Amino acid sequence: MTATTSHTFHIPVMGLGYTIDTPLKVARFGISSVISIIEDEVIEQLRKFHSLANGEKYIPISVKETDYRAKRITEYLNLLDKLVTKQVEKLRAEDFVEGSEIVKYFELLPDSSRLRKLYIEMNQLEECSIKQQIQQKLRACIVAGSIDVNVMSKVDKNNYTKEGELLPKEYSDALTSLRGYAQSNLSSGIVFSAGYNPRLYGYIDSFDDFFPNEKGNLTKKIILKVSDYRSALTQGKILAKKGLWVSEFRIESGLNCGGHAFATDGLLLGPIMEEFKQNSSALKNELIEMCNNALISKGLQPFEHLPVMKITVQGGIGTANEDNFLLDYYQADGTGWGSPFLLVPEATNVDEETLVQLSTAEKDDYFLSNASPLGVPFNNFKKTSAEHQRVKRIDKNRPGSPCYKKFLTTNTEFSAIPICESSREYLHSKLKQIEESDLSQAEKQTKSDFLTQRDCLCEGLGVSALLINNIHPAHHLKAVTICPSPNLAYFSGVFSLQQMVDHIYGRVNLLNSLKRPNLFVNELLLYVDYYKKQLNVQIESLSASQLRSLKAFYVNLLSGIEYYKNLTNSFKNESERYIENMKQELSEIEETILSLNLPFEVMAK
């Protein structure tokens with residue numbers, strides 16, 4: 001099913017299972033969403049569930065089959081495509097009566113939508129031939145949201161035969177996921193997140209769907225999630241030189257996001273968006289020339305016209321005014337709203353226990369943790385069953401998790417084949433090594449406390465999708481991990497899809513009573529807190545490169561504050577009081593930064 005854009009926002013990937021079947025919930029209403037395709041076991045379980053629930057034939061794909069992971073992914077994506085196509089056909093045939101899904105489709109659309117305006121105009125007419133003609137026109141304009149997929153580029157472990165022999169690189173996790181998507185019937189986008197992976201990027205051009213067809217269109221599109229302009233330009237060039245066009249750069253806040261938090265060196269979202277705004281035309285022109293030259297050298301038809309290259313943004317957006325500002329001032333092509341949809345059962349898979357905890361959470365329940373075995377800070381939630389399980393295991397002197405899925409196995413310190421740093425096997429060996437070291441008791445305790453924060457993400461981030469559908473998890477591992485953005489602290493309750501979409505478009509306000517700073521200030525506060533922690537950790541033994549990084553971070557923070565002070569004059573839809581409060585908050589944060597005890601000299605202004 002080919003989709004175009006009906007809405008100005010999309011639902012980003014969340015965890016392994018929270019959005020794994022979100023297209024079945026929202027795509028027929030024109031809302032695009034992203035699913036994770038790394039976890040083939042949950043994918044296969046959901047394929048069985050949705051096949052049987054919808055009267056589709058289900059043929060299991062065994063782990064004994066050659067290339068079973070890619071086959072599972074392909075078949076699941078084909079199932080989603082088939083079911084969403086049926087949903088849209090059914091919706092399109094409905095009468096325009098209250099409570100019908102066709103009415104819901106148009107009432108969800110933004111007020112600026114010409115289709116919504118036409119729908120309202122149609123509703124005001126008495127029954128007549130003109131009204132019927134408009135209804136037929138509206139039906140013809142109904143399109144599904146895009147079923148996009150996500151691959152974390154660096155989650156790409158090698159795989160082995162049962163005999164312990166290394167399989168060819170094409171069978172690594174990320175390349176297999178790519179192949180599973182590439183061989184599916186979908187016409188949509190694949191999001192590459194978490195950085196650059198040379199062998200993954202070198203594999204994309206093995207599939208024709210990523211090159212323009214005879215009409216100059218792309219069946220499958222490349223979407224890069226990036227943290228700044230330099231990253232976009234660098235990765236865009238790498239792909240363009242292979243004849244591969246980046247259809248979208250998806251900019252995400254480094255810290256004000258869900259899941260893994262890839263902090264920049266103090267570069268803030270506003271200045272990053274400004275750089276994209278100023279350079280987007282140059283970016284497109286530079287990349288199209290490279291891309292067309294590469295296509296010609298491959299004997300392929302180059303693009304006759306400049307293909308679409310979207311710039312979208314996500315992370316910490318909380319109000320319609322913020323959303324509109326990003327779209328209008330920075331000329332963004334769309335926004336991403338993730339964590340708030342965890343409170344929308346019509347859109348995501350959050351089990352009942354976790355949903356209750358999220359809907360009644362306090363601000364302090366959201367925290368930046370060391371749970372990830374990748375060593376990357378991870379936005380976490382204190383009240384999960386997984387967090388209770390982690391503490392309970394430590395109390396029993398059995399820290400760590402059994403490791404069955406092995407997606408994050410990267411450490412070879414104690415074994416020839418990589419193991420996961422959240423595993424019981426690794427923590428047992430590492431904690432023993434620390435205990436036998438010459439470190440002081442205080443240093444041993446600090447290192448041990450840090451290590452035992454590790455948790456199993458492979459199980460915890462996917463199991464909720466099983467629990468909510470009464471599917472029995474393997475190995476009886478039912479503990480749930482959830483990784484919302486700290487921005488979710490400003491939403492309380494459980495909401496319908498209509499309510500959340502209406503909030504995004506400014507038709508209702510779902511924020512709770514907590515005082516909420518502007519999204520730029522929120523992100524700035526997170527970066528200042530992060531910077532303080534970095535200073536505390538590193539100040540005792542700084543290398544030259546760490547010193548340079550900390551200094552650049554400091555300069556970028558202050559530069560960002562200056563940028564925001566000037567930017568406040570552009571907030572046309574906010575009150576004078578709002579703008580004055582923001583200026584005051586910026587000044588206070590600036591004073592905090594200037595008062596820090598820094599391990600380097602700062603030149604006076």
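Modeller: Contact, or touching, here means that heavy atoms lie within 4.5 Å, and the structure we are discussing is a predicted model. By that criterion, and leaving aside residues up to four places away in sequence, lysine 405 touches Glu39, Glu41, Val42, Lys157, Cys458 and Glu459.

Colleague: Where does lysine 405 sit, and why is lysine 405 called buried?

Modeller: Lysine 405 is placed in the loop between helix H13 (385-395) and strand E11 (409-411). Its relative accessibility is 15%, and buried means under 20%, so lysine 405 counts as buried.

Colleague: What makes the link between the side chains of lysine 405 and glutamate 39 a polar contact?

Modeller: The side chains of lysine 405 and glutamate 39 are joined at 2.4 Å, whereas the cut-off for a pair of N or O atoms is within 3.5 Å, with one atom able to donate a hydrogen and the other to accept it; the pair therefore counts as a polar contact.

Colleague: Why is isoleucine 238 described as partly exposed?

Modeller: Isoleucine 238, which is found in helix H9 (residues 229-240), has a relative accessible area of 22%. Buried would require under 20% and exposed over 50%, so isoleucine 238 falls in between and is partly exposed.

Colleague: How do you know whether H14 and H15 are roughly parallel or antiparallel to each other?

Modeller: Helix H14 (residues 424-435) and helix H15 (residues 441-451) pack at an angle of about 170°, with their axes 10 Å apart. Angles over 145 degrees count as roughly antiparallel, and H14 and H15 are therefore roughly antiparallel to each other. Among the residues making the contact are Tyr426 and Leu427 of H14 and Lys444 and Leu451 of H15, and by class the contact has five nonpolar, one polar and four charged residues.

Colleague: What makes E4 and E5 a pair of strands?

Modeller: Four bridges join strand E4 (residues 189-193) to strand E5 (residues 221-226), and the two run parallel; since pairing needs at least two bridges, E4 and E5 therefore pair. Glycine 189, for instance, has lysine 221 of E5 as its bridge partner. Both strands belong to a closed barrel of eight strands, E1-E2-E3-E4-E5-E6-E7-E8, with parallel pairing, in which neighbouring strands are turned by 30° against each other on average, direction ignored.

Conventions:
Residues are numbered from 1 along each chain as its sequence is written. This is a predicted model: local features need pLDDT of at least 70, side-chain atom pairs count only at pLDDT 80 or more; totals for chains, interfaces and linings use all residues. Side-chain values use heavy atoms; hydrogens and water are left out. Axes are lines fitted to C-alpha atoms, for helices over the stretch in contact, and angles run from 0 to 180 degrees between N-to-C directions. Angles under 35 degrees count as roughly parallel, over 145 as roughly antiparallel, 65 to 115 as roughly perpendicular and the rest as oblique. Ala, Val, Leu, Ile, Met, Phe, Trp, Tyr, Cys and Pro count as nonpolar, Asp, Glu, Lys and Arg as charged, and the others, Gly among them, as polar. Buried means under 20% relative accessible area, exposed over 50%, partly exposed in between (1.4 Å probe, protein chains only).
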